[in-house]
Amino acid sequence: AFWAGVGEGLRTDGPALPTDILAERLGLEPKRLNELSSTASSMLADRLASLGHRLAALRFLIEFSGGFDRGRILNVVNDAEPLDLQRAAVVAAARTGPLNCARELLSDGFWARVTPSVQAVALNALLASPPNHALLLDAVERGSVKVSSLMPAQREQLRKSSDETIRTRAERLLAGAVPGDRRAAFEKAKAALTVKPVPASGHAV
């Protein structure tokens with residue numbers, strides 16, 4: 001019941017709350033928050049705990065990380081975990097604040113293991129925070145993040161960034177981008193053109 005209450009008490013899409021306001025909202029003494037950070041860390045990792053409790057624990061850590069190692073948030077981003085938890089974790093990882101670990105999320109070895117549906121959520125979250133844009137373009141330049149995985153509106157967002165450096169890099173890295181469906185159709189058509197004609201087959205149709 002406590003963690004369900006935490007989830008409701010912290011239900012906000014705004015910036016992280018100051019510790020004193022957070023403590024007041026939860027009806028707790030500020031010193032108690034450090035203890036709860038450790039408990040929330042254990043709850044997040046506990047696969048026997050309910051999804052609701054684990055999401056509430058994650059929400060608590062987003063607002064008050066205490067001594068929580070930010071990189072550990074990505075431990076729940078794997079095929080054995082519920083999709084809702086994975087999605088919430090990558091959003092937290094991309095959010096500006098003490099749990100931000102966008103660099104680790106976009107690392108070559110990790111990003112390749114993330115499922116496409118979770119990658120899509122992660123890209124939205126990464127693009128929502130301008131400080132992540134340079135890291136995202138780094139990943140595109142390395143080839144870790146495929147240009148085709150970015151929606152046209154997302155590519156346009158980077159091209160129209162208020163940061164001149166980001167705009168210039170985006171223009172260079174995304175210049176040859178072709179939407180996935182068009183590229184697939186193009187490749188299919190190109191493959192068809194390489195097939196040698198067999199006159200006899202025309203009579204058999």
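**Entry 1: serine 161**

I located serine 161 in the loop between H10 and helix H11 (164–173); I take helices as DSSP runs of H or I with at least four residues, and strands as E runs of at least two, numbered from the N terminus. The model is predicted, so I kept to its limits: local features need pLDDT of at least 70, side-chain atom pairs count only at pLDDT 80 or more, and totals for chains, interfaces and linings use all residues. Residues are numbered from 1 along each chain as its sequence is written, and side-chain values use heavy atoms, with hydrogens and water left out.

I looked up the accessibility of serine 161 and found a relative accessible area of 11%, which means that the residue is buried (under 20% relative accessible area; exposed is over 50%, partly exposed in between; 1.4 Å probe, protein chains only). Leaving aside neighbours within four places in sequence, I found serine 161 in contact (heavy atoms within 4.5 Å) with Ile166 and Arg167.

**Entry 2: helix H8**

I checked the length of helix H8, residues 116–127. The expected span is 1.5 Å times one less than the number of residues; for the 12 residues of H8 this gives 16 Å, and the end C-alpha atoms are 16 Å apart, which agrees.

I then listed the buried residues of H8: Val118, Gln119, Ala122, Leu123, Ala125, Leu126 and Leu127. Their cover includes helix H5 (83–94), helix H6 (102–105), helix H7 (108–111), helix H9 (133–142) and helix H10 (152–159).

**Entry 3: salt bridges**

I counted salt bridges as a side-chain nitrogen of Lys or Arg within 4 Å of a carboxyl oxygen of Asp or Glu. The count comes to 9.

I noted that glutamate 81 pairs with arginine 47, the closest N and O atoms being 3.0 Å apart. Glutamate 81 lies in the loop between helix H4 (51–63) and H5, and arginine 47 in the loop between helix H3 (30–45) and H4, so the pair ties together parts 34 residues apart in sequence. Glutamate 81 is buried at 8% relative accessible area, whereas arginine 47 is exposed at 51%.

Glutamate 81 also forms a salt bridge with arginine 54, at 2.9 Å from N to O. I found both arginine 54 and glutamate 81 buried.

I recorded a further salt bridge between lysine 160 and glutamate 156, at 3.4 Å from N to O. Lysine 160 is exposed at 62% and glutamate 156 partly exposed at 33%.

Finally, I traced a network of salt bridges that links Asp138, Glu141, Arg169 and Arg172.
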